[in-house]
Amino acid sequence: MDFVGLDKMSLLDFEDRISCVLFCKPCNFRCPFCHNGDLVLNAEEVIPWSDIIAYLTKRKGLIDAVVFSGGEPTLMPDLKEKISEVKSMGYEIKLDTNGTNPALVKDLIENKLIDYVAMDIKNEPQLYGMTCGTDAIRIDKIEETISLLINSGIDYEFRTTLVKEFHESAHIDEIGKFIKGAKKMYLQKFVERDGCIRHGLHEVEEEKAKEYIEILKKYVEKIELRGY
């Protein structure tokens, strides 16, 4: 599988690093609020891996890190090999994931191929299917990845994009229980864009998002807003 999107330089995706972000197409979720819906559903033109390596070779010393994002990058059968090649060039690696492939995440951690993991927490377990746009959800796999990250020693974050239609105070409390013991979580502002899979959804207001921080403090060491 190849990549269908490339952000050549980002100051936002990997904290304190200048990064290049690679977007893969495949995804096993259909989250209505997904900002990359166009890539997941409609992208046809791929970026040859040789072109990506050529770009990274040229930018060594100017870029610190490479972010593997999506879509869901852990669906790529050759992800480990691609990450290994980029890692050997001296880049730090960040993985964005929905947590449905804990075996691969564990393999990448154990082989010291990734430096940071950002895992999306879509909602409380009972509402995961509705929030992800599919009933084909293995909550046990997601729980396994949560536990792996909390206990692995790798730097990580959990993040939830707040959408008024999907998140209320009771749901946030259950999310806190779901990731209890985590060291870091971001509550992200939803912004409707043309590429969203579903339109007509609404952001959670900043005042309400701050209330959600207070709820989560019972379970998570550090919670911050992102995009507000």
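Where is Asp16 found?

**Figure 1. The whole protein, as a predicted model.** Start by getting your bearings: you're looking at 8 helices and 8 strands. The C-alpha trace spans about 50 × 35 × 30 Å along its principal axes. For 228 residues, a compact globule would have a radius of gyration near 17 Å, and the protein agrees with that, since its own value is 17 Å. Of those 228 residues, 52% count as buried. The chain also folds back on itself: take the contacts with a separation of 6 or more, and 73% of them come from residues 24 or more positions apart.

**Figure 2. Asp16 and Lys112, two loop residues with positive phi.** Here's the promised answer: Asp16 is found in the loop between strand E1 (3-10) and strand E2 (19-24). Its phi is near 65 degrees, a positive value in a residue that isn't glycine. Asp16 counts as exposed because its relative accessible area is 73%, and the cut-off for exposed is over 50%. Now hop along to Lys112, in the loop between helix H4 (102-110) and strand E5 (116-120). Lys112 isn't a glycine either, yet its phi is positive, at about 55 degrees. With 66% relative accessibility, Lys112 counts as exposed.

**Figure 3. A cis peptide bond between Gly70 and Gly71.** Zoom in on the bond joining these two glycines: omega is about 15 degrees, and the bond is cis. To find Gly71, look in the loop between strand E3 (65-69) and helix H3 (79-87).

**Figure 4. Phe68 and the residues it touches.** Phe68 sits in strand E3. Is Phe68 buried or exposed? Phe68 counts as buried because its relative accessibility is 0%, and anything under 20% qualifies. Leaving out residues up to four places away in sequence, the residues Phe68 touches include Leu22, Trp49, Pro73, Leu79, Ile83, Val86 and Ile93. Lys82, Lys94 and Asp96 are also among them. Phe3 is another one of the residues touched. Along the sequence, Phe68 and Phe3 are 65 residues apart, but in space their C-alpha atoms are 9.5 Å apart.

**Figure 5. Helix H7 and what covers it.** Helix H7 runs over residues 169-178, and its buried residues are His171, Ile172, Asp173, Ile175, Gly176 and Phe178. What lies over them? The cover includes three helices: H5 (128-132), H6 (139-152) and H8 (206-216). Strands E6 (155-162) and E7 (184-189) are part of the cover too. A handy thing to remember when you look at any α-helix is that it has 3.6 residues a turn, so residues three or four places apart point the same way.

Figure 6. Cys34 is in no disulfide, and the nearest cysteine sulfur, in Cys31, is 6.3 Å away. Then there's Cys196: its closest cysteine sulfur is that of Cys34, and at 7.5 Å this is too far for a bond. Cys196 counts as buried, because its relative accessibility is 5%.

Methods:
Residues numbered from 1 in each chain as written. Predicted model: local features only at pLDDT ≥ 70, side-chain atom pairs only at ≥ 80, totals over all residues. Heavy atoms only, no water. Helix = DSSP H or I, 4+ residues; strand = E, 2+ residues; numbered from the N terminus. Rg over C-alpha atoms; globule rule 2.2 N^0.38 Å. Buried < 20%, exposed > 50% of the residue type's maximum accessible area, 1.4 Å probe, protein only. Contact = heavy atoms within 4.5 Å. Disulfide = S-S within 2.5 Å.
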